[in-house]
Structure formats: C-alpha cells, structure tokens
Amino acid sequence: MTKVSYRFRAPEEARRFANTLVQSLPWLKEHHQKIVVIKFGGNAMVSEELQRAFAEDIAYLRYAGVQPVVVHGGGPQINQMLERLGVRSEFAGGYRVTNRETMAVVRMVLQGQVNPELVSLINSHGPLAIGLSGDDAAIFNARKMVLKEDGRELDLGLVGEVVDVDPEPVLGQLAAGRVPVISSIAPNVELPGEVLNVNADLAAAALATALGATKLVLLTDVEGLYENWPNKDSLIASITADELRARLDSLEAGMIPKMRACLDAVDGGVGTATVIDGRVPHSVLVELFTDSGIGTEVRSDIDKC
C-alpha cells in the first residue's frame with residue numbers, strides 16, 4: 001500500500017497521534033485472538049456513513065487479530081418495507097409483533113438486503129466476511145416467545161426466543177479466518193418448517209455465550225443506560241448484573257431487550273456486555289481500544305471493583 005503524501009507538520013501533532021495508538025496497546029493484547037460478538041442495528045443501519053464506519057471497524061478488528069462475529073437485525077429497513085407495502089408496524093413489550101405477512105418481509109429484508117449489503121461493505125477491505133442466517137445449519141433454534149405484561153400474556157405472533165445455539169458453524173468460519181455476519185431468524189423447534197423472528201440483541205447474547213466470547217457489544221440509538229432518563233448527564237458508565245437486574249422492569253420498553261441481552265450474556269459467562277451509541281462513527285473501536293470506552297458496560301457481580 002502506498003502512503004499518502006501527508007506528513008505531520010508539528011512534533012506535538014505526531015505525539016498526540018502516537019499516544020492514541022499506544023493507548024490501544026493493552027487492549028490489543030487483551031482482545032488478541034478473542035471472540036467478540038457485535039450486534040449491529042439502529043440508525044447506524046440506515047446511514048451510509050455509519051455503515052461504512054462500522055465495516056471499517058470490523059475489518060480493523062480482523063486485521064488486528066481479534067475474531068469479530070456480527071449479528072444484525074434490520075428494524076429500520078423492515079419498517080420502511082412494511083410502510084411501502086402498506087402494512088402497519090406494531091410493537092409490544094419492546095418486540096415487533098410478527099404475523100406471517102410481516103415474517104415474509106422480515107426474511108426478505110434481512111436475508112436479501114441487509115446481510116449481503118453489510119457483507120459487501122466489510123469485504124471492500126478484503127475477502128473477510130461471509131453472510132449467514134440464523135437458520136443456516138440451525139445456528140439458532142427457537143420457540144415462540146411468551147411475554148407477560150401487567151399479568152396478561154402478549155401475543156407476539158412469530159416472535160421467537162433462542163433455546164439452543166450450535167456454535168460449530170460459526171467456529172468453523174472463524175477458524176477459516178472469516179468474519180461471520182449472521183441475521184437473527186431461527187427455525188421453530190416446536191413446528192418444523194416454520195421460522196421465527198428473533199430479537200437481534202437476544203440472539204447476539206445467546207451466540208456470545210455459546211461461543212465463549214470475551215465481550216458482547218450492542219449498538220443502539222442512545223448513549224447507553226441512564227440513571228434518570230431523560231437527564232443525559234446521568235449516563236451510567238458501568239453497572240453490575242445484580243444492579244441491572246433490580247431496575248430491569250422499570251426501563252423503557254425499547255431498552256428492555258438490550259439490557260436483558262446484556263444480563264443473559266454476563267450470566268452465561270461472557271466477560272462484559274456493553275451498550276454503545278451506534279450513531280457515533282467508529283464507536284466499536286472506541287469501546288474496545290480505549291481506556292474510557294463508551295456507553296454502559298454490564299459486568300459480572302463477582303467483579304465489583
């Protein structure tokens with residue numbers, strides 16, 4: 001690769017740049033050859049600039065010796081397609097209510113649009129990524145989710161919760177040097193031939209646990225978890241699993257699946273789980289390779305220091 005013609009104009013500018021690189025050294029060592037599962041979603045999915053930045057982050061991780069695994073949803077694109085088709089979007093308890101018509105659109109958007117576009121962006125930096133669906137080789141197995149709210153059951157339709165993960169297809173791709181990019185649909189173990197729409201945050205958490213990942217990172221559309229929403233000065237930088245568990249039911253509906261995913265991952269042995277703001281370019285690199293990080297980190301109750 002040919003270097004650009006730019007040269008640092010002043011020693012101080014060069015020192016600042018070098019200090020930034022050196023700060024990443026302990027984190028490069030920490031994450032070297034470790035599996036990190038990253039859920040891509042939110043507004044970052046509909047901004048071309050943020051899509052490119054995310055693809056650069058994933059390529060950087062791979063070339064830096066990290067083993068990234070990407071799980072993605074496609075909420076904004078699904079909403080756009082449903083609106084174009086004149087189908088009303090409905091949510092309950094933070095989950096998309098999914099009938100058969102909606103499920104057909106979910107599959108079409110995730111497998112036919114979002115997944116190949118993301119794979120292509122990553123592969124613009126080299127032959128790195130391969131697209132998979134959660135029902136390929138039954139990476140995920142799911143059953144219909146039963147959700148209760150105020151003492152009554154909510155009918156979510158074809159919405160699933162993961163009951164089993166086969167990590168071998170993903171581990172095989174990692175061993176071959178590839179970056180698996182996985183859409184969050186899964187076969188219904190209770191009704192062969194039927195597929196279910198699985199929340200991508202929860203799918204990513206289940207996969208991170210099955211892979212023995214050291215970290216789960218969830219991209220979202222807010223800066224993280226707040227002590228007193230909407231006071232943005234009350235952002236919580238770090239919280240233990242027990243502390244989060246105690247406040248889970250009081251969260252806004254849209255945050256519940258994300259924070260539940262963090263709990264599932266940490267309870268399942270993943271080192272840490274972090275919710276970060278996907279609207280910030282290169283937020284994945286900031287979280288993984290700087291001392292301060294970004295967003296809200298959920299950690300095990302064993303490590304309270």
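Leaving aside its neighbours within four places in sequence, which residues is Q67 in contact with? The legends below begin with that residue. The structure is a predicted model, in which local features need pLDDT of at least 70 and side-chain atom pairs count only at pLDDT 80 or more, while totals for chains, interfaces and linings use all residues. Residues are numbered from 1 along each chain as its sequence is written, and side-chain values use heavy atoms, with hydrogens and water left out.

View 1. Q67 belongs to strand β2, which covers residues 67-72; strands (E, at least two residues) and helices (H or I, at least four residues) are DSSP runs, numbered from the N terminus. Beyond the neighbours within four places in sequence, Q67 is in contact (heavy atoms within 4.5 Å) with Q33, K34, I35, V36 and L174. A polar atom of the Q67 side chain lies 3.0 Å from the backbone oxygen of Q33.

**View 2. The open sheet of eight strands.** Strands of a sheet pair through backbone hydrogen bonds, either parallel or antiparallel; here two strands are taken to pair if DSSP finds at least two bridges between them. Eight strands follow the order β5-β10-β2-β1-β13-β15-β16-β14 in an open sheet with mixed pairing. Its edge strands, β5 (129-133) and β14 (238-240), each pair on one side only. On average, neighbouring strands of this sheet are turned by 20° against each other, direction ignored, with axes being lines fitted to C-alpha atoms (for helices over the stretch in contact) and angles running from 0 to 180 degrees between N-to-C directions. Strand β15 (residues 272-277) pairs with strand β16 (residues 296-299) in the antiparallel sense over four bridges, and T274 has E297 in β16 as its bridge partner.

**View 3. The open sheet of four strands.** In a further open sheet, four strands are arranged in the order β6-β9-β12-β11, again with mixed pairing. Because β6 (140-144) and β11 (185-187) stand at the edges with a single partner strand each, one side of each is left without a neighbour in the sheet. Neighbouring strands of this sheet are turned by 55° against each other on average, direction ignored. Strands β9 (residues 159-165) and β12 (residues 195-198) pair in the parallel sense over two bridges, and the partner of V159 in β12 is N197.

View 4. The largest pocket holds about 950 Å³ of space. On a 1 Å grid over the protein atoms alone, a pocket is an open set of points where a 1.4 Å probe fits, with protein on both sides within 12 Å along at least five of seven lines, and lining residues have an atom within 4 Å of a point. Of the 40 residues that line this pocket, G94, D201, G254, M255 and K258 are the closest to its centre. Helix α4 supplies the largest share of the lining, four residues. An unreviewed UniProt entry gives the annotation "binding site" to G74, G75, R96 and N197. These residues span 124 residues in sequence, yet no two of their C-alpha atoms are more than 11.4 Å apart, so they gather at one spot. The lining of the largest pocket takes in G74, G75, R96 and N197, and G75 lies in helix α4.

Terms used: A polar contact is a pair of N or O atoms within 3.5 Å; within protein, one must be able to donate a hydrogen and the other to accept it, and residues adjacent in sequence count only if both atoms are side-chain atoms. Grid points are joined across faces, edges and corners, and a volume is the space filled by probe spheres set on the points. UniProt positions are given in the numbering used here, feature names are shortened, and annotations may be inferred rather than shown by experiment.
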